[in-house]
Amino acid sequence: MKGDPDLRTVSKTVFRDGELASGIIKIINGLWEALRRRGVGEVKIMNFCGTHEYTTSHYGIRSVLPRGVELVAGPGCPVCITPSFYVEAAIRLALDGVTLYTYGDAYRLPAVRKINGCRSLSEARMMGADVRVVYSFLDAIRGAAELGRPSAFLAVGFETTCPAYASPLVSDKVPSNLFLILAGRLTPPAARYAVERVGTVSGVIAPGHVSTIIGAGAWSFLPHDFGIPTVVAGFEPIDVLIAVAMILRQLVMGKTELEVEYSRAVSWEGNRRALSLLDKAMDIVDAAWRGIGFIPSSGYKLKPAFSRYDAFEEFGLREPTSADWVNDLLPGCICGKVILGVSKPTECKLFLKQCTPGTPYGPCMVSYEGACSIWARLGNREIITEV
Amino acid sequence: MCLGVYGRVLSLRDDAAIVDLGGGVVKEVMIGVEELEPGDYVVVHAGIIVSKLSRGEFLHVLANIKESAESLQASGGIPRESLDEILRRVEYLSSLLETHQPAKT
């Protein structure tokens, strides 16, 4: 209706409302008391999305929760888990004269081994390489078509991002001089890997935007196989608080279910068009995660029909296999444990000493959605629980 | 990195959409969803529309809060006055969202 405020403005007003947050915190406290009376001493809730970790930290959500309710950051940052090999390959190509496109976070991502003195694409650019930061793959397509030079795109991302690669491939919009260094990854296999290793996860806040693609149903293995209450949630503070309340409510009622809090954007079956594009363009393969190793069926690889766009084939690069995988973290870096939610950023001896947002040493300090970067920029070093 | 921005579709062109991303930013993005129309609210991520927002579902969260508060109060988990405060706030915020609900058929 003309004159009505934009739905997005109203949505921000509602989903960031302080009085409503106070009410939900009362609900959370009431549910926690019910659990405590039954002898529950601790509830550990893991998220699998950097944006959830950002919301949790930015709005100080940990400080308003009962002491026994802990929010833990899991593997939720696709830049952080991109193996060093892909960064090294991109640097090598850039220094060899290939125009290299990527996103802002991957631009600063450090490799373990220096390539001709460069540890990142930003350093390669300083050495004169043609490295360009773009907002989307579409920008790289336009740039490469205009330049006509051999070009490559360091294509990182989870299921949310990979349809942006698949769509122009399937519709034959990618110029013949643009090649993908595809490092796309799938989140549910990593979630399974993380909860198996952390062992004590009482609840999961599942990623909202990944779930717009794969559908909420993709997380049903968490309640079914592991008995973990799971809530697919949105990214405003009210979304995260209500997700915590929904998980506690399940624990109080003795249920283990999959619920969708973010139903305004997520369906049960997912985005059929995007899933179809992914299915046409990519195969799912065992793939490496930085600091972790190979996780079964956790990576995207271009299908043979699109191998002419594969930078590995075009430039004669060889992806490491599980047999020759070596840990790709710098000495002293515990990002592998931080990514899995086993350790907190503050438990790393390098945190805010040798490793800072300005001079990142480990991958989780690079991306704005990396747990170390979020904790360094927004606090969480000490959780304030009393004033 | 899976950050999504809420946008509003201004127009459609072949397999691309012109989307108002707020703050004066208007961009051409790829269409990654089915059955899109001008005026739709969408989630845009890295230059592609990954989801169409369902107007009818915005109230879902508030209904969930109301239900949680009522059942918790019934079991003695929160006092009556806290429930009343929550219900008043939920009612007010629901009224803000209701102007954007799809027309009933």
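Helices (H or I, at least four residues) and strands (E, at least two) are DSSP runs, numbered from the N terminus. The model shown is predicted: local features need pLDDT of at least 70, side-chain atom pairs count only at pLDDT 80 or more, and totals for chains, interfaces and linings use all residues. Residues are numbered from 1 along each chain as its sequence is written, while chains are lettered from A and ligands numbered from 1 in the order in which they are written.

**View 1. The largest nonpolar core.** This core holds 166 residues. A nonpolar core is a set of buried Ala, Val, Leu, Ile, Met, Phe, Trp, Tyr and Cys residues joined through C-beta atoms within 7 Å. A residue is buried if 20 or more other C-beta atoms lie within 10 Å of its own, exposed if 12 or fewer, and partly exposed in between, with C-beta atoms placed from the backbone. A:Ala90, A:Leu100, A:Ile181 and A:Val244 touch the most other members. Helix H13 (residues 237-253) of chain A gives the most to this core, namely 12 residues. Contact means that the C-beta atoms of two residues, placed from the backbone, lie within 7 Å. Neighbours within four places in sequence aside, A:Ile181 is in contact with A:Tyr86, A:Ala89, A:Ala90, A:Ala152, A:Phe153, A:Leu154, A:Ala155 and A:Ala311. In soluble globular proteins, nonpolar side chains tend to be buried together.

**View 2. Chain B against chain A.** Contacts link 42 residues of chain B with 58 residues of chain A. On the side of chain B that touches chain A, strand S4 (41-45), strand S5 (48-52), helix H1 (60-74) and helix H2 (80-98) each supply at least two residues. That side of chain B has 22 nonpolar, 14 polar and six charged residues. Here Ala, Val, Leu, Ile, Met, Phe, Trp, Tyr, Cys and Pro count as nonpolar, Asp, Glu, Lys and Arg as charged, and the others, Gly among them, as polar.

**View 3. H1 of chain A beside H2 of chain B.** Helix H1 (residues 7-15) of chain A packs with H2(B) at an angle of about 170°, and their axes are 9 Å apart. H1(A) is therefore roughly antiparallel to H2(B). Angles under 35 degrees count as roughly parallel, over 145 as roughly antiparallel, 65 to 115 as roughly perpendicular and the rest as oblique. Axes are lines fitted to C-alpha atoms, for helices over the stretch in contact, and angles run from 0 to 180 degrees between N-to-C directions. H1(A) contributes A:Val10, A:Thr13 and A:Val14 to the contact, and H2(B) contributes B:Leu93, B:Leu96 and B:Leu97. Five of these residues are nonpolar, one is polar and none is charged.

**View 4. Helix H2 of chain A.** H2(A) (residues 18-37) has 20 residues and reaches 29 Å from its first C-alpha to its last, close to the 28 Å expected at 1.5 Å a residue. Its buried residues include A:Gly23, A:Lys26, A:Asn29, A:Gly30 and A:Trp32. The buried residues of H2(A) pack against strand S2 (69-73) and H13 of chain A, together with H1 and H2 of chain B. A:Gly39 follows H2(A), and its phi is positive, near 95°.

**View 5. A:Arg249 in helix H13.** A:Arg249 lies in helix H13 of chain A. A:Arg249 is buried, with 24 other C-beta atoms within 10 Å. Leaving aside neighbours within four places in sequence, A:Arg249 is in contact with A:Leu31 and B:Ser68.

**View 6. The enclosed helix H3 of chain A.** Eight of the nine residues of H3(A) (residues 50-58) are buried, so this helix is largely enclosed by the rest of the structure. Among the buried ones are A:His52, A:Glu53 and A:Tyr54. They pack against strand S1 (43-47), helix H4 (61-64), S2, strand S7 (203-206), H13 and helix H17 (371-378) of chain A. A:Gly60 follows H3(A), with a positive phi near 65°.

**View 7. Two positive phi values in chain B.** Most residues other than glycine have a negative phi. Phi of B:Glu35 is positive, near 50°. B:Glu35 sits in the loop between strand S3 (25-31) and S4 of chain B, and counts as exposed, with 7 C-beta neighbours inside 10 Å. B:Ala46 also has a positive phi, of about 50°. B:Ala46 lies in the loop between S4 and S5 of chain B, and is buried, with 25 other C-beta atoms within 10 Å.

Notes: The expected span of a helix is 1.5 Å times one less than its number of residues.
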